[in-house]
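I opened this notebook to record the sheet, the helices packed on it and the salt bridges. The structure comes first, then my entries.

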Amino acid sequence: MTSTQSNSLPLWVQHRDKVLEQSTDIQWRYGKFPDYSRSNQNLAKESTHNHPQGSLEAIVQNLVRTFDVEANFKTNPQQWISVVNDKFRMTTNGGISYTISDVVESGTYKLLIGNTQHYQASEENFETSTNLFHTAFPDGFLWEVLEVFSAPPTIAFKWRHWGHFRGAYKNYAPTGETIEVIGMTIARVTDDLKILSLEHYYDNTKFFEKLTASGKQETGKQEPKHPNFWSFWQNLWRWHKKPTTGQAKTSACPFS
C-alpha cells in the first residue's frame, strides 16, 4: 500500500498525531491536549520494528495507539472514534468483559492487570493506578506491534510493552532495568476498522517480579527498640546521677 493509499484510510488507523490534530472540542482528561512528542522520540529510538506506512502491521499499531489515546484522555465515550461505542467489549486472559464506560472510569492498567500479589486493582482508581506506572517509568511505558497473524475482521497480533524502571514502584527501589511484557491480542473490527472487541492474553508474573526484585525501600521510620538487661541498668544509672546544671532534667526512668 502506498503513502497516498495510506492517507485515504480512516482517521483512526492513521498516525495518532494526525488523530490529535483533527480532534476538536474534545472533553480531555486533565483539561488539556495530550503531548506525545517525547513518546514519539523514544519510539523512534527504541522500537524493534519499523512497519512500512500503510502495511497491515502499521494499521493495527495505529488503531491500538488511537484507542490508547482515547482510553487515557477522552472522558466522553461519545467522542471516541476508534470503537463501536455501544458494542465495545474488552477482556484479559478470558476474564471479566468490560465496556467503554468501564475503561473511562478505571483506566486500562486496572482492567488489564486485575488483582495480583503486587498490584491490587480493587484498591486503585484511575489516578492512583496511572501514577504508579508513570512514576516507575518516567520516560514512558511504550508499546509496539511485533507481528500480525490474521487480517480483518478478526485480527490476531503479537505486541511488546516496555519501559525503563527508573522510578520507584510503590516502595520498591528502581533498578534501571528495561522491563518488557510480551502478549497477544485478538481484535474484532468492523468493515471500516473500528474496534468491536479486544481480547488480551499475557502473563504479568515476570513483569511484577522485576518491579519488586530490589526489595522494599527503607521508609525512614525507626522501629522501636526493645530494652535489654544492660540498657535497663544504663538508664537506671542515668536516672540516679545528678544533673550537672541547675536546670531541671527530664526523667530518664526506664519505665516512663
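The entries below go from the basis of the model to the sheet, its helices and the charged pairs.

**Basis.** I worked from a predicted model, in which local features need pLDDT of at least 70 and side-chain atom pairs count only at pLDDT 80 or more, while totals for chains, interfaces and linings use all residues. Residues are numbered from 1 along each chain as its sequence is written, and side-chain values use heavy atoms, with hydrogens and water left out.

**Sheet.** I looked up the strand order and found an open sheet of 5 strands, β1-β5-β4-β3-β2, with mixed pairing. Strands (E, at least two residues) and helices (H or I, at least four) are DSSP runs numbered from the N terminus, and two strands pair if DSSP finds at least two bridges between them. At the edges I noted β1 (89-92) and β2 (141-148); each has a single partner strand, so one side of each lacks a neighbour in the sheet. On average, neighbouring strands are turned by 25° against each other, direction ignored.

I then examined β3 (residues 154-164) and β4 (residues 178-189), which pair in the antiparallel sense over 11 bridges. Here R160 stands opposite I182 in β4.

**Helices.** I found helix α3 (residues 37-46) packed on the sheet, where α3 touches β2 and β3 and makes about 45° with the direction of β2. Contact means heavy atoms within 4.5 Å; axes are lines fitted to C-alpha atoms, for helices over the stretch in contact, and angles run from 0 to 180 degrees between N-to-C directions. Helix α4 (residues 56-73) lies across β1, β2, β3, β4 and β5 (195-202), at about 145° to β2.

**Salt bridges.** My search of the whole structure returned 6 salt bridges, each a side-chain nitrogen of Lys or Arg within 4 Å of a carboxyl oxygen of Asp or Glu.

I recorded E70 with K74, whose closest N and O atoms are 2.9 Å apart. Both residues are buried (under 20% relative accessible area; exposed is over 50%, partly exposed in between; 1.4 Å probe, protein chains only).

R166 and D139 meet at 2.4 Å, N to O. R166 lies in the loop between β3 and β4 and D139 in the loop between α7 (126-136) and β2, so the pair ties together parts 27 residues apart in sequence.

E180 and R160 meet at 2.8 Å, N to O. This pair links strand β4 to strand β3, 20 residues apart. E180 is partly exposed at 39%, whereas R160 is buried at 10%. Through shared partners, salt bridges join E144, R160 and E180 into one network.
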